[in-house]
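Subject: A structure for you to look at

Hi,

Here is the structure I promised to pass on. Have a look at it first, and then read my notes below.

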Amino acid sequence: MAIANSRLVAFDGERVTFKWKDYRAKADARYKLMTLDADEFIRRFLIHVLPDGFHRIRHYGLFANANRANNIALARQLLGMPAAPSSSHSDRAEAGHADEEWNTCPCCGGRMVTIETFESGCQPRLWPRPSIGLDSS
């Protein structure tokens, strides 16, 4: 659901007024009204609609944020794995990388995660799959 019916305030045939929440504001000032032309409202609404065959998953499963640390600790215990390294030691320090930018994505600035390493001249176990090329426009 992209927007609940309770958030829709008014529609006069050309413009839609709805409630939205400004997370930067405090207390009662958080809840505000916005009025948009109907076509702009529909354009923004459709950005949140998934294409056929896709399923939205939010806050679900082992890695759901609410219990992530407890679930991972329990999974490690049940699998007989050693406890996770303490948060005081970063992955970079353990791997011998002191440089903060050694694993930063050049496009988005996010943290890149090593999936596999292999010797020069050897083939990776997991070849990348070609993208399907779905057009969601």
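Two strands count as paired if DSSP finds at least two bridges between them; strands (E, at least two residues) and helices (H or I, at least four) are DSSP runs, numbered from the N terminus. Please keep in mind that this is a predicted model, where local features need pLDDT of at least 70 and side-chain atom pairs count only at pLDDT 80 or more, while totals for chains, interfaces and linings use all residues. Residues are numbered from 1 along each chain as its sequence is written, and side-chain values use heavy atoms, with hydrogens and water left out.

Let's start with the sheet. In general, strands of a sheet pair through backbone hydrogen bonds, either parallel or antiparallel. Here three strands form an open sheet in the order β1-β2-β3, with antiparallel pairing. β1 and β3 are the edge strands, each pairing on one side only. From one strand to the next, the twist averages 20 degrees (axes are lines fitted to C-alpha atoms, for helices over the stretch in contact, and angles run from 0 to 180 degrees between N-to-C directions).

Strand β1 (residues 8-11) pairs with β2 over three bridges, and the two make a hairpin with three residues between them. In that turn, Gly13 has a positive phi of about 100 degrees.

Now zoom in on Thr17, in strand β2 (residues 15-21). Is Thr17 buried or exposed? Thr17 is buried, because its relative accessible area is 13% (buried means under 20%, exposed over 50%, partly exposed in between, with a 1.4 Å probe and protein chains only). Thr17 is the bridge partner of Ala10, and its side chain makes a polar contact of 2.9 Å with that of Thr35. A polar contact is a pair of N or O atoms within 3.5 Å; within protein, one must be able to donate a hydrogen and the other to accept it, and residues adjacent in sequence count only if both atoms are side-chain atoms.

Finally, the largest nonpolar core has six residues: Ile3, Val16, Phe18, Leu36, Ala38 and Phe41. Such a core is a set of buried Ala, Val, Leu, Ile, Met, Phe, Trp, Tyr and Cys residues joined through side-chain atoms within 4.5 Å. β2 and α1 (38-46) each supply at least two residues of this core.

Enjoy exploring!
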